[in-house]
Every structure is written in C-alpha cells, then in structure tokens.
Amino acid sequence: MQSTMLKAKIHRARVTHSELEYEGSCAIDGLLLETSGIREYEQIQIYNVNNGERFTTYAIRAENGSGIISVNGAAARLAAPGDILIICAYAILAQHELSDYQPTLVYVDPDNRIARTSNAIPVQAA
C-alpha cells in the first residue's frame with residue numbers, strides 16, 4: 001500500500017504577479033523552492049485563502065531573494081496580486097517510509113521572506 005503525503009508547504013505566500021499571457025506555471029522565489037524542497041517543474045497544488053480557489057500547476061524558479069510569487073497562464077484568473085496562497089507539493093510513499101517521514105513547512109512573512117521552517121503542524125486545540 002502507498003500513501004500520498006504532504007511533501008512540502010509554503011504557507012501564506014503573497015501573490016506578487018498574475019500574468020495571464022505568460023506560459024502557465026507558478027514562479028516562486030528560488031530560495032523558497034530550495035528551502036521547501038519543491039523542485040522546478042514539480043506539480044504543485046495551490047490553495048487561495050482569499051477566494052477559496054484550489055488549483056494544480058507546476059513550479060518554476062523566480063530570482064533568488066526576489067520574493068516573487070507569480071501565478072501565470074490560465075491560473076492567473078484564480079489569483080490576483082495581494083492574495084494569500086498556500087502552496088503544497090505531495091509525495092507518494094510506501095508504508096515502510098512513513099515511520100520516519102516529516103514534511104518541510106516554510107512559513108513566510110508578508111514580503112515572502114522566510115520567517116521560520118518546521119516539520120510538523122501543531123495539534124489543533126478545541
């Protein structure tokens with residue numbers, strides 16, 4: 001049996017660009033890609049906190065340290081500059097890989113700079 005697990009998350013990234021005419025993808029600051037472990041051209045899921053849209057695209061590299069989060073192509077209709085996104089990548093793991101597995105969670109500030117990283121989400125309290 002295999003399980004699809006959260007591999008990486010960039011939490012509360014702010015959209016800086018929305019380029020309808022650019023080749024479809026999501027450009028992400030290279031430092032965020034490296035820190036999260038999301039690879040260029042890897043499939044990502046994007047969850048727009050502002051409007052509830054959820055969509056699939058792939059990551060491309062933006063300049064390191066630029067803070068760029070650019071939603072491009074058809075997906076540009078689903079996110080506007082200033083919107084807050086959760087960007088996730090998933091991995092399929094065999095059961096024997098699950099006992100030691102931890103995702104990489106990257107939390108950013110309002111300028112898309114790394115505020116902190118973690119490998120676990122705190123337990124939600126009542």
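In what order do the elements of the protein chain run from the N terminus on? They run β-β-β-α-β-β-β-β-β-β. This is a predicted model, so please hear every value that follows as computed from it.

In total, the protein chain has 1 helix and 9 strands. Its radius of gyration is 14 Å, close to the 14 Å that the globule rule gives for 126 residues, so the chain is as compact as a globular protein of that length. Along the principal axes, the C-alpha trace spans about 45 × 30 × 30 Å.

Next, the sheet. The 9 strands make an open sheet with mixed pairing, and the order across it is β2-β6-β3-β5-β4-β7-β1-β8-β9. Which strands stand at the edges? They are β2, residues 17-19, and β9. Each has a single partner strand, so one side of each is left without a neighbour in the sheet. From one strand to the next, the twist averages 30°.

Strand β8 covers residues 104-108 and runs antiparallel to β9, with 4 bridges joining the two. Together β8 and β9 form a hairpin, with 5 residues between them. In the turn, Asn112 has a positive phi of about 65°.

Tyr107 has Arg116, in β9, as its bridge partner. The side chains of these two also meet: the charged end of Arg116 sits over the ring of Tyr107, 3.9 Å from the ring centre. As for pairs of aromatic rings, the count comes to 1.

Last, Ser118. Where is this residue placed? Ser118 lies in strand β9, which covers residues 114-118. Leaving out residues up to four places away in sequence, Ser118 touches Pro103, Thr104, Leu105 and Tyr107. What lies 3.0 Å from a polar atom of the Ser118 side chain? That is the backbone oxygen of Ala120.

Notes:
Residues numbered from 1 in each chain as written. Predicted model: local features only at pLDDT ≥ 70, side-chain atom pairs only at ≥ 80, totals over all residues. Heavy atoms only, no water. Polar contact = N/O pair within 3.5 Å; in protein donor to acceptor, adjacent residues only side chain to side chain. Contact = heavy atoms within 4.5 Å. Pairing = 2+ DSSP bridges. Axes fitted to C-alpha atoms, helices over the stretch in contact; angles between N-to-C directions. Phe/Tyr/Trp six-rings, centres within 6.5 Å; stacked < 30°, edge-to-face > 60°. Lys NZ or Arg CZ within 6 Å of the ring centre and 35° of its normal. Rg over C-alpha atoms; globule rule 2.2 N^0.38 Å.
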